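Have a look at it first, then read on.

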Amino acid sequence: MLPWVPVRQWVLTVPFRLRYRLAWDHGLSRAVLGVYARVLLDMYARGAHARGIDGGRTGLVTVMQRAGGGLNANLHFNTLALDGVLSEDPGGALA
């Protein structure tokens with residue numbers, strides 16, 4: 001269940017030469033997903049910090065799509081992110 005706040009979709013695609021390998025190597029695809037998620041979370045945290053909100057956090061939900069329309073190996077990551085940050089500071093909620 002997502003809160004009633006703006007949500008932004010992010011999509012990470014990888015070069016063709018890596019798609020097949022990532023589709024079959026679960027450990028490697030999890031590592032790529034980890035880096036991708038950390039970058040998105042850090043981007044939102046830095047944006048909040050620039051606006052004077054320290055300790056702000058957001059949430060992500062990611063689906064790894066492994067095949068394209070022709071059932072070809074076409075791994076990419078579809079992510080929904082809360083478009084802002086939540087903070088324990090009463091004046092800084094969802095900035």
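Glutamine 65 sits in strand S2, which covers residues 60-67.

Phenylalanine 77 is twelve residues away from glutamine 65 in sequence, and their C-alpha atoms are 6.1 Å apart in space.

## The model as a whole

Keep in mind that this is a predicted model. The mean pLDDT of the protein is 83, with 87% of the residues reaching 70 or more. Of the elements, strand S1 (residues 7-13) has the highest mean pLDDT, at 93, while helix H1 (residues 16-24) has the lowest, at 84.

Follow the sequence along and you get the pattern β-α-α-β-β. The protein has 95 residues, and 27% of them are buried. Looking at contacts between residues at least 6 apart in sequence, 61% join residues at least 24 apart.

## Where the two helices meet

H1 packs against helix H2 (residues 26-50) at an angle of about 110°, and their axes are 5 Å apart. Angles of 65 to 115 degrees count as roughly perpendicular, so that is how H1 and H2 lie to each other. On the H1 side, the contact is made by Arg21, Leu22 and Trp24; on the H2 side, by His26, Leu28, Ser29 and Val32. Sort these residues by class and you find four nonpolar, two polar and one charged.

Arginine 21, in helix H1, has a relative accessible area of 52%. The cut-off for exposed is over 50%, so arginine 21 falls in the exposed class. Along the chain, arginine 21 and alanine 73 are 52 residues apart, yet their C-alpha atoms are 8.9 Å apart in space.

## Two nonpolar cores

In soluble globular proteins, nonpolar side chains tend to be buried together. Which residues form the largest nonpolar core here? There are six: Val14, Leu22, Tyr36, Leu40, Leu75 and Phe77. H2 and strand S3 (73-82) are the elements that give two or more residues to this core. Another core, of five residues, lies apart from it, and includes Tyr44, Ile53, Ala81 and Val85.

Leucine 40, one of the residues of the largest core, touches Trp10, Leu60 and Thr79 if you leave out residues up to four places away in sequence.

Where is alanine 81 found? It belongs to strand S3.

Setting aside neighbours within four places in sequence, alanine 81 is in contact with Pro6, Val7, Arg8, Trp10, Tyr44, Gly59 and Leu60. Threonine 58 is 23 residues from alanine 81 along the chain, and 7.2 Å separates their C-alpha atoms.

Methods:
Residues are numbered from 1 along each chain as its sequence is written. This is a predicted model: local features need pLDDT of at least 70, side-chain atom pairs count only at pLDDT 80 or more; totals for chains, interfaces and linings use all residues. Side-chain values use heavy atoms; hydrogens and water are left out. pLDDT is the predictor's confidence in each residue, from 0 to 100. Helices (H or I, at least four residues) and strands (E, at least two) are DSSP runs, numbered from the N terminus. Axes are lines fitted to C-alpha atoms, for helices over the stretch in contact, and angles run from 0 to 180 degrees between N-to-C directions. Angles under 35 degrees count as roughly parallel, over 145 as roughly antiparallel, 65 to 115 as roughly perpendicular and the rest as oblique. Contact means heavy atoms within 4.5 Å. Ala, Val, Leu, Ile, Met, Phe, Trp, Tyr, Cys and Pro count as nonpolar, Asp, Glu, Lys and Arg as charged, and the others, Gly among them, as polar. A nonpolar core is a set of buried Ala, Val, Leu, Ile, Met, Phe, Trp, Tyr and Cys residues joined through side-chain atoms within 4.5 Å. Buried means under 20% relative accessible area, exposed over 50%, partly exposed in between (1.4 Å probe, protein chains only).
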